[in-house]
Amino acid sequence: MFVKEELDRLASLEQEIKAGGGEKRIQQQHESGKLTARERIELLFDTGTFQELNRFVQHHCTNFGMDKVSIPADGVVTGYGKVNGITVCVFAQDFTSRGGTLGEMHAKKICKIMDMAMNIKAPLIGLIDSGGARIQEGVNALDGYGKIFFRNSRASGVIPQISAIMGPAAGGAVYSPAMTDFVFMVKKTSYMYITGPNVVRATISEEITDEELGGAMTHSTKSGVAHFACDNDEQAITEIKRLLSYLPRSSEEKPPYVTPADSPDRTDPALDDIIPEESNKAYDMKKVIRTVVDSGEFLEPFRRYAPNMITCFARMNGQVIGIIANQPNFLAGCLDINASDKASRFIRFCDAFNIPLLTIADVPGFLPGSNQEWGGIIRHGAKLLWSYSEATVPKITLITRKAYGGAYIAMCCQALGADYTLAWPSAEIAVMGAEGAATIIHRQEIQSADDPDAKRQEKIKEYHDLFYNPYVAASQGYINAVIRPAETRPMLIAALEGLQNKKEMRPPRKHGNILL
């Protein structure tokens, strides 16, 4: 009889905790277009695999009548389970339970699952939906955030960390997601900012909404904080699972291999004609990527941010690769501040998690202008040089058309550590464009000519004929192979397979001092 009573009590407590803030709060959550924490977890994990930890934890606060307030699971659900058969750890803040606010025990639960993820070498996912620090707990809440930030830093480069903003994240709550590898946001129901619209209005008299200040589209197009902007919670979770399919469980493993349905020997004659005859005419680099990767499939973080630079995950003959490519359709594929930051962070992630790098270059240079110079293009561009130089994974570079000046170097030339460099016959490798170069080199000869315009055109053609091809660079050994565009896929796959066991040792040091 005693055992039955205890079992009944256990069942009652579990039911109460699983109900979160109760039916009314759950209904409000649904009416606002959001799932509950437990519904999100159910969607994320393979059926029946999720194991909850610390379900019965309660807060210890007695200030302001909190000793009479019960917060189920202290406003956060933590645990582990399988996602597509791979063990993953998670914490999901429960907005129905006291707004998912973070206090001492709430933070301890998150820290415990973060420690577990590190110990078992499993990816960590945070589903953020919180009103921020629990004000009644004062410094205990602030200390909790600090402990989470410390663990974000410690786990960086060891396990993949993914954040999904599925509701509010304000003040100190935004820093943990910002320290993780990938940030998902949901349109119209999630927002992130340090100070909200009310504070902005009071301090600088600016009228702005939550969505305009810190919504999904703002952070995926303007600030670069969010990698993905999704239509709803369901889509966000689907995309998280898709991202996980490209990632290893930790830095100690290689990314997952998938048996390809696409032939490694496949060629595509359409690539022979993709480069326009006019050198200043744009084309879509994504068409090149789709043609060379397995089944034309890739996953693109930061799709809406700095579109002059493409960063994406794909597979080639079943092996995961990270692709960095200029996009001639935007700003002619120029490198600027945002593109440099975007590519640099992606390169460092891939290097940390053993993902080979493919760089596809068509770049006329760094974007000119006072805004770029005053904004620190020197400092930001140096991040790209640093990141490529620091990376020890296999690095393959393909030049399709323009590769001018410092931007040629920045897009992973041999001097920056590329293991294998290829070029299409259309590649133009030079210090600068022919018109500018001819004017500088032959200034006096052009000025003293009987027909300066004709002489100038003659010298432009001379420079063009000399450098607007890949053969000068190839003759010096800077290009390993000039290939037919149609044969790009099999050539890249052969290079990747040849480099798959690459190991590169660097001098021991505590860490470098990258220009942040």
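A: The side chain of Ser220 reaches back to the backbone oxygen of Ala216, at 2.9 Å. This is a polar contact (a pair of N or O atoms within 3.5 Å; within protein, one must be able to donate a hydrogen and the other to accept it, and residues adjacent in sequence count only if both atoms are side-chain atoms). The model is predicted, so local features need pLDDT of at least 70 and side-chain atom pairs pLDDT 80 or more, while totals for chains, interfaces and linings use all residues. Residues are numbered from 1 along each chain as its sequence is written, and side-chain values use heavy atoms, with hydrogens and water left out.

Ser220 sits in helix H9, which covers residues 216-223. Helices (H or I, at least four residues) and strands (E, at least two) are DSSP runs, numbered from the N terminus. Is Ser220 buried or exposed? Ser220 is buried, at a relative accessible area of 2%. Buried means under 20% relative accessible area, exposed over 50%, and partly exposed in between (1.4 Å probe, protein chains only). Which residues does Ser220 meet beyond four places in sequence? They are Ala226, Ala229, Arg304 and Tyr305. Contact here means heavy atoms within 4.5 Å.

Asn308 is another buried residue, with 2% relative accessibility. Its place is the loop between strand S10 (298-299) and strand S11 (309-316). The side chain of Asn308 makes a polar contact of 3.3 Å with the side chain of Asp336. Neighbours within four places aside, Asn308 touches Ala325, Asn326, Gln327, Phe330, Leu331, Gly333, Cys334, Asp336 and Ala339.

Tyr193 belongs to strand S8 (residues 191-193). Tyr193 is buried too, with a relative accessible area of 12%. The side chains of Tyr193 and Asp210 make a polar contact of 2.7 Å. Not counting residues up to four places away, the contacts of Tyr193 include Ala169, Ala170, Gly171 and Val174. Leu213 and Gly214 are also among them. Gly296 is 103 residues away from Tyr193 in sequence, and 37 Å away from C-alpha to C-alpha.

Next comes helix H10, residues 233-244. Its 12 residues reach 17 Å from first C-alpha to last, close to the 16 Å expected. That expected span is 1.5 Å times one less than the number of residues. Asp233, Ala236, Ile237, Glu239, Ile240, Leu243 and Leu244 are the buried residues of H10. They cover an arc of only 160° around the axis, which puts them on the same side of H10. The arc is taken from the directions from the helix axis to the C-beta atoms. An α-helix has 3.6 residues a turn, so residues three or four places apart point the same way. At the start of H10, a side-chain oxygen of Asn232 comes to within 3.3 Å of the backbone nitrogen of Glu234.

Arg98, in the loop between S3 and helix H4 (104-120), has a positive phi of about 55° although it is not a glycine. Arg98 counts as partly exposed, at 40% relative accessibility. Ser205 lies between helix H7 (197-204) and helix H8 (210-214), and its positive phi is about 60°. Ser205 counts as exposed, at 62%. Most residues other than glycine have a negative phi.

The largest pocket holds about 1500 Å³. Its lining has 42 residues, with Ser156, Arg345, Arg348, Ile514 and Leu516 nearest the centre. Helix H12 gives the largest share of that lining, eight residues. The structure also holds four cavities of 30 Å³ or more. The largest cavity has a volume of about 100 Å³. Strand S3 (86-93), H5 and H6 each give two or more residues to its lining. On a 1 Å grid over the protein atoms alone, a cavity is a set of points where a 1.4 Å probe fits but cannot get out; a pocket is an open set with protein on both sides within 12 Å along at least five of seven lines; lining residues have an atom within 4 Å of a point. Points join across faces, edges and corners, and a volume is the space filled by probe spheres set on them.

Last, the whole protein. Its secondary structure comes to 20 helices and 17 strands. Of its 516 residues, 51% are buried.
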